[in-house]
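Good morning, and thank you for joining.

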Amino acid sequence: ARNPQAGLCSAMTLGMDESGQQLGVRHTPVVSKSASFLFPARCLALLGKHGSWFVGNTVVYRRRVLVELGGFDPELRSFADGFMCQVIALKHGACFIPEPLGLERMAENRYSKTIMADSGAALSTVSRATHLMQTTYRDLFPTDFVDAWSKRQRYHLGLRTVLTSQRRQVAGLRKLTPSPSSADKIFFALLRLTMKVEYIISRLFLLAHIKHGSSEKVSGSER
């Protein structure tokens with residue numbers, strides 16, 4: 001009400017496990033030490049520096065603005081609300097309250113985690129968001145911002161893919177050894193060490209790939 005130009009307002013959130021046990025405040029960027037309105041230019045700078053700070057279960061949208069800017073794109077799956085928050089913030093600015101005003105159940109089968117665990121679906125979501133930044137909302141997203149955002153998302157997606165594969169491997173092997181012997185324990189210790197090396201090598205590969213690569217470009221023949 002104090003900032004009629006703002007397109008939305010968001011805050012921080014608490015997390016809880018599937019049984020309802022609170023896990024404390026979820027780690028998200030704190031972009032202001034006090035409740036405040038962030039102008040579009042400031043939002044752009046903060047997104048470039050910290051990434052998104054919008055926590056979906058705390059966002060209050062100005063409905064008129066949400067509708068005018070196209071609403072949620074179902075092809076963005078679990079990122080539909082997060083993407084639109086960025087669009088609205090860059091167009092109209094956003095309010096932020098640095099307090100936990102929501103509670104999120106961190107279930108293993110929640111929609112966002114399911115999508116992120118599927119590398120194909122996750123990559124498709126990143127590609128769709130990049131496409132929208134370069135076309136429909138190109139007036140809001142500078143080219144260098146889009147390039148940096150796309151690279152950052154692909155980097156984290158690559159690391160997540162490695163970690164997911166490793167966890168599944170360990171879980172599968174542990175099922176075969178419900179009562180591990182001393183030899184089994186040594187094996188798993190060596191396996192963890194090998195996986196750490198694999199993770200470091202994968203991280204170096206992704207960093208090199210991102211440094212020399214570029215975000216995908218949109219052309220009429222591809223879309």
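**Salt bridges, rings and surface**

Let me begin with arginine 26, which forms a salt bridge with glutamate 104, the closest N and O atoms being 2.4 Å apart. A salt bridge here is a side-chain nitrogen of Lys or Arg within 4 Å of a carboxyl oxygen of Asp or Glu. This pair links distant parts of the chain, 78 residues apart: arginine 26 is in the loop between strand E2 (22-25) and strand E3 (36-38), and glutamate 104 is in strand E5 (residues 94-105). Helices (H or I, at least four residues) and strands (E, at least two) are DSSP runs, numbered from the N terminus. Arginine 26 counts as partly exposed because its relative accessibility is 31%; buried means under 20% relative accessible area, exposed over 50%, and partly exposed in between, with a 1.4 Å probe and protein chains only.

A word on provenance: this is a predicted model, in which local features need pLDDT of at least 70 and side-chain atom pairs count only at pLDDT 80 or more, while totals for chains, interfaces and linings use all residues. Residues are numbered from 1 along each chain as its sequence is written, and side-chain values use heavy atoms, with hydrogens and water left out.

Another of them joins aspartate 73 to arginine 128, with the closest N and O atoms 2.7 Å apart. Here too distant parts of the chain are linked, since aspartate 73 lies in the loop between helix H2 (63-68) and H3, and arginine 128 in helix H5, 55 residues apart. Aspartate 73 has a relative accessible area of 14% and is therefore buried. Within helix H6, lysine 151 and aspartate 147 lie four residues apart, about one turn of the helix, and their side chains meet in a salt bridge at 3.2 Å, N to O. Salt bridges that share partners also join Asp73, Glu75 and Arg128 into one network.

I turn now to the aromatic rings. How many aromatic pairs does a search of the whole structure find? It finds nine. Rings of Phe, Tyr and Trp (its six-membered ring) pair if their centres lie within 6.5 Å; planes under 30 degrees apart count as stacked, over 60 as edge-to-face, and the rest as tilted. Phenylalanine 83 and phenylalanine 141 form a stacked pair, 6.0 Å centre to centre with 15° between the planes. Phenylalanine 83 lies in helix H3 (residues 80-92) and phenylalanine 141 in the loop between helix H5 (119-134) and helix H6 (143-175), so the pair ties together parts that are 58 residues apart in sequence. Phenylalanine 141 also pairs with phenylalanine 145 in a tilted arrangement, 5.8 Å centre to centre and 40° between the planes. Phenylalanine 141 is buried because its relative accessible area is 2%, and phenylalanine 145 is buried at 8% relative accessibility. One aromatic cluster is formed by Phe79, Phe83, Tyr137, Phe141, Phe145 and Trp149.

Finally, the overall picture. The protein has seven helices and five strands, and its C-alpha trace spans about 65 × 50 × 30 Å along the principal axes. Of its 223 residues, 38% are buried.
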